[in-house]
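Subject: Structure handover

Hello,

Here is the structure we talked about. Please open it alongside this note, which goes through what was found.

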Amino acid sequence: MSNLSRRNFVAALGTGAAAVWLTAETRDLLAAGARAAAAAKAKAPYKVLTADQAADLDAATSRIVPSDSTPGAREANVVRFIDESLAGFAKEQKDDVNKLVAELRRLAAEKHKGAKSFAALTVAEQDAVIATMEKTKGSHFGDLRGMTISGMFADPKYGGNANKSGWKVLGFDDHFSWSAPFGWYDRNV
Amino acid sequence: MTAMSDHKHPTLAPLQTTTVQYKPEDEVDFVVVGSGAAGGVVAKELSTAGFKVVVLEQGPWRSEKDFVHDEIAIFQQGALTNDFSKSPNTFRKTEKEKAKNQPCLAYGRGVGGTSIHFSANFWRFREIDFKEASVKGTLAGTGFADWPITYQDLEPYYTKVDWEVGVAGAPGPFDPPRSRPYPMPPHPPKSTGILLERGAKKLGWTAFPAPMAIASKQYDGRSQCVQCGFCLGFGCEVRAKSSSLVTVIPKAVATGKCEIRTNSYARKVETDARGRVTGVKYFDAGKKEIFQRAKAVVVCANGAETPRLLLNSKSNLFPNGLANSSGVVGKYLMFNGGGFANAQFEHEVNGFKGIVATRIVWDLYELDPKLGLVGGGGFDYRFDITPMGFGFGGLHPDAPKWGSAYKRELERQYNRTLIAYGHTTSLPVATNSISLDPELKDAWGVPAIRMTYQDHPQDLKLYKYFSDRAKDLVDASGAVRSWQPPVDSAQFSVHLLGTCRMGNDPKTSVVDKNNRAHDVKNLFVVDGSSLVTSGRGQPTMTIQALAFRAADQIIGFAKRREI
């Protein structure tokens, strides 16, 4: 998706790697968002993901957007976003997620003999696995990245982007209104 | 927990959504198919003149409370637009290929049509756009032709759009003549606008205020824009964007003569043994077929659905589709092409705030003939990438795709990025078309749209030229880093033009200069499909001016019993 021109933008978002979450009904999403917020607070069990899958996805999405000096995928509740989506509007993507986790585990075992999960690797080993996936044609890197970005930056009502932490990373604020000056250049004319 | 929960909407009195109701068996004066930019204007004009009008709109009637800042709902779910799962389409580049099931177009589905979620750039076409082929020369192998009307014919109606729909702006050095000033002053310039001014000045060009169909002050009972930044793709929550939903439709409803019949999907325009239109058959919300009788029909369903409806309305008298003796229905499909450059700046641009564009540059509207290019274009700077979209593809193509380095780039660049758009001419080519897919049907069993489209080689040269100049512009504006997305032939469009072109010759055009079908006296077609040439992008202003003009003509014909 290198071309962000207007005429390609909608198409790119609708058909590219981002299409992980393509089939929802809006009302399901709204319900999913409310549930996600409640579930995260209560540390409720996951609805679709097993605890092991959730642990591997937590580790992997945290490599895509790490927690460092600013919040990452973990603080944004990206895994909760994935689980809620799979329970609601993105049911059809369950198989993709299963395959992604299987790929993470397979590569983890190759990287570190005897490793039973991706989460069990050191961060350096995890990064090496992700780097391999990025370079491998047909890997599920696009799905992993797409899910992470969706969970980081989509409206918080979907269960991710907790406390607008993803938006804070960007410097975006969904304020209802703005007035001039909008940026540095119109302030310093 | 919703993003909007901490924001208060200004109090807006709800708009009336109940209308007069006609019975299908009662013959009304007009059925208008579509309630968007064109259909809304036609409905308002005809009902104000006292005619009984039924508007068939395939989508629902939404209001401000239904509009949200939600990328997943808008861009991935298509909450406001055509639903590919129910209304699929196919695409191919050339007539030799078998078309594949592939989303290739988007339009607004609901009262107000695409005017609900458009950016509201309201450039007028200029004098040259109507006569460019004869002034500059046509191009063999294309349908590049003069319009049967001139800018002067359309000027009073451009002014009508300015005032009745509501456009904010201020004339620039290249403005075509106007009979009345803008009704509203321009919006305050954003950093994108200031940077465009700076770059243009360095290149010896002039940036001037962008004409926008968005209220810059309270206007006609509507709110002033609050610069929330969610125009492209989104519905306006404060009734500032001048969509048909909040401008002409309420006026049509208030006449008491116009019924807006929602969730009503037009299936076929019916004709009698004399070849006259008798009404429109449509599906109601329960997929039941209903026939609404009418003395005349105006099709305003957009540049893809309009030709599809005509082609699906074939009969013994019209074996190739209604109003298609020329064989031109669906042909000469034009998008609006362009050349682009992305740029990052040292300081915060904050393009996510405010309306899409505040300044434009028209110095290259017409080009030096020595370049050997056909047409020209105009520029603006914008940042129309929402947060998820930026995460996916807003950074430089070589930037890291994950990890801390990726995150640092997101943090640094989101507020410092803009895109220079060069909006250009796109040539009408007969082989680019909307036709009926021979196999695929929609959820109602109606043959689906098949799009055949490949940008003309001359267009690709023009897009490249404008991408190069866009790069010159952002570099002159002081960009720290800039790059050009590759120029490719398009496979998706939201600007659907030219497929029922206007002309004097019934052999080479579908409608005459008054938007009446050459073949059927009581059938009119007005929307993007009427356009003979593409202008330089931004077609809605011209579509609405054509709609006001066509309505004027239709009212005259009806009063003189010439329909």
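First, a definition for the sheet: two strands pair if DSSP finds at least two bridges between them. Please also keep in mind that this is a predicted model.

**The sheet in chain B**

Take β5(B) and β11(B), the latter covering residues 359–361. Three bridges join these two strands, which run antiparallel. As background, strands of a sheet pair through backbone hydrogen bonds, either parallel or antiparallel.

Which order do the six strands of the open sheet follow in chain B? The order is β5-β11-β12-β13-β10-β16, and the pairing is antiparallel. The edges are held by β5 (207–209) and β16 (481–483) of chain B. Each has a single partner strand, so one side of each is left without a neighbour in the sheet. From one strand to the next, the twist averages 25°.

A helix covers part of this sheet. Helix α10 of chain B, residues 457–476, lies across β10 (338–344), β12 (377–382), β13 (417–424) and β16. Its direction is at about 25° to β10(B).

**A helix pair in chain B**

Helix α4 (151–166) packs against helix α11 (540–559) in chain B. The angle is about 110°, and the axes are 8 Å apart. Angles of 65 to 115 degrees count as roughly perpendicular, so that is the description of α4(B) relative to α11(B). The α4(B) side of the contact includes Leu154(B), Tyr157(B), Tyr158(B) and Val161(B). On the α11(B) side, the residues include Met541(B), Ala545(B), Leu546(B) and Phe548(B). Charged residues take part too, among them Asp153(B) and Arg549(B). By class, the contact has nine nonpolar, two polar and six charged residues.

**Backbone points to check**

Most residues other than glycine have a negative phi, and most peptide bonds are trans.

- Asp220(B) has a positive phi, near 55°. Asp220(B) sits in the loop between β5 and α6 (248–254) of chain B. Its relative accessibility is 48%, so Asp220(B) counts as partly exposed.
- Lys287(B) also has a positive phi, near 65°. Its loop runs between β8 (277–283) and β9 (289–299) of chain B. With a relative accessible area of 44%, Lys287(B) is partly exposed.
- In chain A, the peptide bond from Ala180(A) to Pro181(A) is cis, with omega near 0°. Pro181(A) is in the loop between α8 (165–170) and α9 (184–187) of chain A.

Best wishes

Definitions and conventions. Residues numbered from 1 in each chain as written. Chains lettered and ligands numbered in written order. Predicted model: local features only at pLDDT ≥ 70, side-chain atom pairs only at ≥ 80, totals over all residues. Heavy atoms only, no water. Helix = DSSP H or I, 4+ residues; strand = E, 2+ residues; numbered from the N terminus. Axes fitted to C-alpha atoms, helices over the stretch in contact; angles between N-to-C directions. Contact = heavy atoms within 4.5 Å. Buried < 20%, exposed > 50% of the residue type's maximum accessible area, 1.4 Å probe, protein only. Parallel < 35°, antiparallel > 145°, perpendicular 65-115°, else oblique.
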